[in-house]
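Okay, thanks for coming, everyone. I'll take a few minutes to walk you through some side chains and who they pair up with. Have a look at this first.

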Amino acid sequence: MLVAATTLVAGRAAASPEDLFGYGPRSIASGATGTATSSDFEAAYTNPALLSRIERPKLALGMLGANFDVHADGEGLPGRIESLPAHGIDIGVDLPIPLQGALAHRISGALAFYTPTDVVVRGRILYPETPQFPLLSDRAQCLAIRMGLGVDLGYGLRVGAGFGALAEIVGSVIVATDSTGRVGSRIDDQLVATYAPILGASWERPLAHGTLRVGAVFRGALAARFAVSIDATKLSSLNIPVFNIAGLAQYDPLQAGLEAGWENAHWKLAAGLTWKHWSDYPGPLEPTLPCPPDEPDCGSLQVTRVGFSDTVVPRLGVERSFGLPRGAALHARGGYFFEPTPVPSHLPSSQRYDIPTQALVDVPTRYFDADRHVLTAGLGVTLEKPLRMSIDAFAQLHVLQPRTVTLDAGASDGSASTGNLSGTILVTGVQLGVGF
Amino acid sequence: MRRRSRLGLAAGIALVFASARAEANPLDTFGFGSRGTAMGDAQAADASDFSANYYNPAGLVHAQRFEIAVGYFRAEHQLETNGRNNGVDPVAGLVGGLVLPGRVFGVPIAFGLGLHLPDDRLSRVRDLPQTQPRWELYDNRNQRLYLAANLAIAPWPWLEIGGGLSFMASTTGSLDITGEANLFNASQSQLRHQVDADLTAVRYPQLGARVWLGKRAALALVYRGQFALDLNLSARLYGDISHLTTAYYALKTASVDAFLPQQVVLGGSFLPIDRLKVDIDFTWVNWSAYVTPVANLDVTLAIPPPVGGWPAGISPPSVPAPAQVVPLKMSDRIVPHVGVEWLAYERGKFKGFVRAGYEYQKSPVAPQTGPTNYVDRDRHTAALGFGLRVDKPVAILSGDVRFDVHAQLSVLPDALTAKVDPADPVGDYVAGGLIWNLGATMLVGF
Amino acid sequence: MDKSARAIVVGSLLAGLLVRCATLAELAHGDENLPTAGVGPFRKLAGGEVRGVAPYVLDDESGDFREPAALPLTSGTTMDVALYFVAKDASGHDVILRTRSTDGRTFYGATQDFGHHPAQVLAADQGWEGADVAGPSALAVGSEVWLYYASNGSVGVAKSPDGLTFTKASAVPVLAADALGPITGPSVAFLPDGRFRMLFAQGDSIYEAASADGVSWQRLDADPTTPAMDPVLAPAPPQATLAPGEIPPFDTLRVADPCLLPRVTAAGRLQIRVLYTGFTAGDAAAPASAIGFAARYGDTGPLVRGPGAVYAVGKHENAPALFEWSLAAPDTSSDGGTPLVGSLLYVGQDQTSQGSIYSALAAGLAPPTATLPLPAAYPSGP
């Protein structure tokens, strides 16, 4: 059951790869469906109720890589936006709980991790005029930890619950000089966990020589903040303020999904919708000098908030299984989903202080994103003898639908300009699972 | 006992992401699970439940069934200098884990997970001015998460091998601050920032082996690799100073926190009579590799004077001189642990255990007679515990349920630190104290 | 689901409620009641810690308050302290006043204590004295208060049963000026064995004298191997090389105003601690100054100076006095419950009012991370 952890190309890891791509080789290859059809540790993300379908323990280890090729063309825009690829390891553990009597074969759990190969969490909170696709590659740089438990209540009904976890940084740095003029520091930074619940349910009944199942899932918003205050007031004789270096490094919106699936020994079909509450997203930036709550117009530079919109993601997935000798099987998978963008097409300007003119000036807010059409495919082989194992490979091609956005203050004369967005994302991966 | 067959799989053993037992982490100081803590942490040759994730991953393969454990402990510090409590934060949180045994090609294997999740935080990096007194081994280094996933295999009935990699996260970041700083009304400054920060993964290895000398004795050898949490931050401030002049501040800080030296543990477990088990461990700790936990700070400051000079009441700043870091010297140590477990009661499906343990760690910190104040003292730790095992307590469980409790007391005898420099701002002091650790663990075997 | 199963499920849920799961990020502690030599570094008192303008505790433009000396009123177990200091009387001569506080910073007769004034306790009236008295140093001796002072370059002593009504102890000074020059700023304290010890300024250095009875004094030579009378502390030599950004020594011109603070350390050895004023060349009329710390182990010998100033605010601060306390009274705790062990430093430093500069008494606090609660009410008398 041991899997060789071979050479993995060092790279950034996805912060929310499951929200971008889905989780688990079968789900990723099948249009990121699974709310009604998952049957292993993937369900810790897709629908924890379906964890109750797990009957035998398994350990799985896989690799995922994603390359981003995104473009923004127009006045003041660079064309290709540099985006580091994402590489990481995903680990899954199927844990059936072997109770006896009335609870036999009814309760199972799972652990699902995704860890970047060298970055656990990446927080890039850039100036708004820097061209960026904040919902793509930088969001894909984060450790993901999910655990869940599913219960088969009988009568076709299953329920489950779990949680996802991220880490955020809070702390302070105090820099001062001592009586001899030597500089010293006091640093107090903490890594704190932040959790989001995930709840799921499903109902199934036999239909047409197979099983029809309807699944529903709710995932709470998962956010990781970076907040470090820097106090250099005693570094020199100048009266400089305490800096609030803070922002939202990672964010997965609150979401709810509904999916219908049908499966038998040879086919799995799934279709679903996922609603994502992006309108609650506060944006990545926070002011360096926040105003007191009772003085919202205190005069310090504040941050422009871009209003994101809720989205609905439709998904389709299909899997065809072919029997092989000695209990083995070959599985071919395919799917499609459409990920609308929550970013508006008209972006208001932000402000910065211009040192030469000693005045506040407007700058464009270059937060780019576009609707994505995602085609998915994959292959898998399951073996029963001499060892119960599975090998799955998957690929996704994301195509950004070309889009024109309007940027206030984007032109060199301060008037509005336009930007043309396009690009692709290619995701590939493989996973090996061993039962024991 | 399960049948085992020879299989030359040693070369094929993969080291997966297992967390190593980390020195200078709470489990090194307080143990993992009530049974191990009560037995003086002398568990390298004995542990075979979830606690083996920490004490010796090889022991995981000795588990007979799927087990899940959950528990809690709280350690309170009463560490004092000059008779006054220094308020060192308690260490408290959940402990738990699981063991999943199985067979691959007929060879026993096991997968294990171990977790200590603190109440308050996942980890804490704390760099203080080097002259500030602090309890170096207790103040901050135990404030962190422990997460372990291990694999173990028994290629022969008398040999168990396990191993893995641990990971934690260290921080690297840079930030820019630009705008206008208003010297006369700082809250109206027009400043903004951008951040590029990574929590980068840190990995360190752990390997363990256990050899059975018949059914009543075992020897174990464990190696744990070195680990450190880096914190590297750079900051750049460029802006207008109240329309008077421009300022450029660049600040770089680099430090190492929560340094865990490598260790080698040699342990033995013996069953001289059926009801009595005796465990003995010796741990070599490579403290001499300890990295001084003081930030190296580099500051650049360029503020040209305004035309017409500085206004009254504002004196021009000068570039601060870099701090002179005094290295922290530590010495390697061998820490003995001893533990006993007595089967005090046995009737039907109930078994009751009484446990006791002791360990001694001589302080590895060099006398602090100079300007630094890394306070530490020798530590004597005694523990007591009780356990109850119930076989098949309810119809739905085919395994057993175990309840274990522990009480651990560490005594750090008072000792004097006498300064060489009469003008030292801290001066002579006496330091010592107590640490109490109470906890309980429940384990369910399926 | 049968009863056993329900029990297990409920028990698991309850167990889950006991943990907070690494979410709280509470502030770190571990830096309470840290050992300290008690002599800084000090920070200025902040706005909420004094009734007037921080960090000043006694401020009167016409009084020109200087050279404070602190006398604990309850052996340092409360914050009751009396302050003796120099002020100008109506005729422009220097006299010594006394006031009192119950919290170390709210003094009777301060500017905001309307209608009240500190009490004058000493003025020049002896033949050997000139027109002024200065440099008070107060000491509790049995049931009396002894007040040492400098006048006309020599040191005298006055005694009082209540700390307010003083009688000059003799018609001659207890320590007279000599070839080294006039004596200023005497500071007298007891050693642990009951002997008296005095530090004083002469010329540009600080010297030492000893006495068995507090009246008859013998000068002590810091280095008996040399023929000259050596000071315990001389001006610091200028530093030949400085690291970029390193602040040069603050006491290269002159050292003065010693505040003698003997104690026995945790190691059982006698430590002579001294706060002092260090001067360095500023403009010719007003050299720059700061408060420094020097110390030695043992009964005699030169002092070793600390690494830098313990209080430096750029206002010609001078003449330090220290009040140390160690108590468990909740009204002085910094966090609502922990006994505070701390030190208040009193200095004279420049204050400005409508363009004119005069001397007022300011205070600093150690450890600098501590904060004091709101000030108490004014005492009912000096």
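Let's start with Lys277(B), which sits in strand S14 of chain B, residues 276-285. Keep in mind that this is a predicted model. Which side chain does Lys277(B) join through a polar contact of 3.0 Å? That's Asp46(B). If we skip the neighbours within four places in sequence, Lys277(B) also touches a list of other residues, among them Arg35(B), Phe270(B), Gly339(B) and Glu341(B). Take Gly339(B): 62 residues separate it from Lys277(B) along the chain, yet their C-alpha atoms are 8.2 Å apart.

Two names on that contact list, Arg35(B) and Glu341(B), also pair with one another. Their side chains meet in a salt bridge, 2.8 Å from N to O. Glu341(B) belongs to strand S16 of chain B and Arg35(B) to helix H2, residues 34-38, so the bridge ties together parts that are 306 residues apart in sequence. Are these two buried or exposed? Glu341(B) is buried, at 8% relative accessible area, and Arg35(B) is buried as well, at 16%.

Now, staying with chain B, let's go to the surface. There's a nonpolar patch there made of Leu213(B), Leu219(B), Phe270(B), Ile280(B), Phe282(B), Ile334(B), Val338(B) and Tyr358(B), and together they have about 680 Å² of accessible area. Which elements give two or more residues to it? Those are S14 and strand S16, residues 333-347 of chain B. Val338(B), for one, is found in S16, and it counts as partly exposed because its relative accessibility is 33%.

Back to charges. Side chains of opposite charge can pair when their charged atoms come close. Across all chains, a search turns up 49 salt bridges. One of them, in chain A, joins Asp392(A) and Arg26(A) at 2.6 Å, N to O. Asp392(A) is buried at 1%, and Arg26(A) counts as buried at 13%. Both also take part in a network of salt bridges that includes Asp40(A), Glu42(A), Lys58(A), Glu319(A) and Arg333(A).

Last stop, chain C. Lys168(C) forms a salt bridge with Glu129(C), and the closest N and O atoms are 3.1 Å apart. Lys168(C) is in strand S10, whereas Glu129(C) is in the loop between strands S6 and S7. Lys168(C) counts as buried at 15%, and so does Glu129(C), at 6%.

Note on methods
Residues are numbered from 1 along each chain as its sequence is written. Chains are lettered from A and ligands numbered from 1 in the order in which they are written. This is a predicted model: local features need pLDDT of at least 70, side-chain atom pairs count only at pLDDT 80 or more; totals for chains, interfaces and linings use all residues. Side-chain values use heavy atoms; hydrogens and water are left out. Helices (H or I, at least four residues) and strands (E, at least two) are DSSP runs, numbered from the N terminus. Contact means heavy atoms within 4.5 Å. A polar contact is a pair of N or O atoms within 3.5 Å; within protein, one must be able to donate a hydrogen and the other to accept it, and residues adjacent in sequence count only if both atoms are side-chain atoms. Patches are made of residues with over 30% relative accessible area and no salt bridge: like charges are joined within 9 Å, nonpolar side chains (Val, Leu, Ile, Met, Phe, Trp, Tyr) within 5 Å. Accessible areas come from the Shrake-Rupley method with a 1.4 Å probe; for residues, only the protein chains shown count as cover. A salt bridge is a side-chain nitrogen of Lys or Arg within 4 Å of a carboxyl oxygen of Asp or Glu. Buried means under 20% relative accessible area, exposed over 50%, partly exposed in between (1.4 Å probe, protein chains only).
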